[in-house]
Amino acid sequence: MTFARPERKGERIMLFMSIGTYEPDKRDAIVKRMAEKGLMFPEGVKLIGQWTDVGGGRVFTMSETDDPIAMALASYNWTDLCKFEVVPLIVTEEGMKAIS
């Protein structure tokens, strides 16, 4: 699978994988909030995709932004229900070029 580096108006933007982990007793509250308010991403953060662990307890969200503060705010809206690990990513092909 090949991904192109995201760009917007000639400027480079960053990919992020957010891994949200939640306890079983928080599941219903998460489902309710998601149905009522959606992801609540601030302006400047674009959703690429979202996946749920089939075993439950985790959600993986890929997004892009050129604003790390906006990315932090995207997670903050859920910290009462989930713990987050936010991982900045690069396209593998670009990483390989950089080290070769």
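Author: What follows takes the terms one by one; the model is a predicted one.

Reader: What makes β4 and β5 a pair of strands?

Author: Two strands pair if at least two bridges are found between them. β4 and β5, the latter covering residues 58–65, have 6 bridges in the antiparallel sense, so by that cut-off they count as paired. Among the partners, Thr-52 is bridged to Val-59 in β5, and Leu-47 stands opposite Ser-63 in β5. The hairpin of these two strands has 5 residues between them, and Gly-56 there takes a positive phi near 85°.

Reader: Which strands make up the open sheet, and in what order?

Author: The order is β4-β5-β3-β6, which is 4 strands with antiparallel pairing.

Reader: Why are β4 and β6 said to stand at the edges?

Author: β4 (46–52) and β6 (83–89) each have a single partner strand, so one side of each has no neighbour in the sheet. Neighbouring strands in this sheet are turned by 20° against each other on average, with direction ignored.

Reader: Why is Thr-79 called partly exposed?

Author: Buried means under 20% relative accessible area and exposed means over 50%. Thr-79 has 43%, which lies in between, so Thr-79 is partly exposed. Thr-79 lies in the loop between α2 (68–76) and β6.

Reader: How do you know that Thr-79 and Tyr-76 make a polar contact?

Author: The cut-off for such a contact is 3.5 Å. A polar atom of the Thr-79 side chain lies 3.1 Å from the backbone oxygen of Tyr-76, which is within that cut-off.

Reader: Which residues of α2 are buried, and how do you know that they are on the same side?

Author: The buried residues of α2 are Ala-70, Met-71, Ala-74 and Ser-75. They cover an arc of only 140° around the axis, and that puts them on the same side of α2. An α-helix has 3.6 residues a turn, so residues three or four places apart point the same way. The face of α2 turned away from the buried side carries Ile-69 and Tyr-76, which are exposed.

Reader: What makes Arg-33 a charge over the ring of Trp-78?

Author: The distance to the ring centre must be within 6 Å, and the charge must also be within 35 degrees of the ring normal. The charged end of Arg-33 is 5.2 Å from the centre of the Trp-78 ring and sits over that ring.

Reader: How many aromatic pairs does the structure hold?

Author: The number is 0. To count, ring centres must lie within 6.5 Å.

Terms used. Residues are numbered from 1 along each chain as its sequence is written. This is a predicted model: local features need pLDDT of at least 70, side-chain atom pairs count only at pLDDT 80 or more; totals for chains, interfaces and linings use all residues. Side-chain values use heavy atoms; hydrogens and water are left out. Axes are lines fitted to C-alpha atoms, for helices over the stretch in contact, and angles run from 0 to 180 degrees between N-to-C directions. Rings of Phe, Tyr and Trp (its six-membered ring) pair if their centres lie within 6.5 Å; planes under 30 degrees apart count as stacked, over 60 as edge-to-face and the rest as tilted. Buried means under 20% relative accessible area, exposed over 50%, partly exposed in between (1.4 Å probe, protein chains only). A polar contact is a pair of N or O atoms within 3.5 Å; within protein, one must be able to donate a hydrogen and the other to accept it, and residues adjacent in sequence count only if both atoms are side-chain atoms. The arc is that of the directions from the helix axis to the C-beta atoms.
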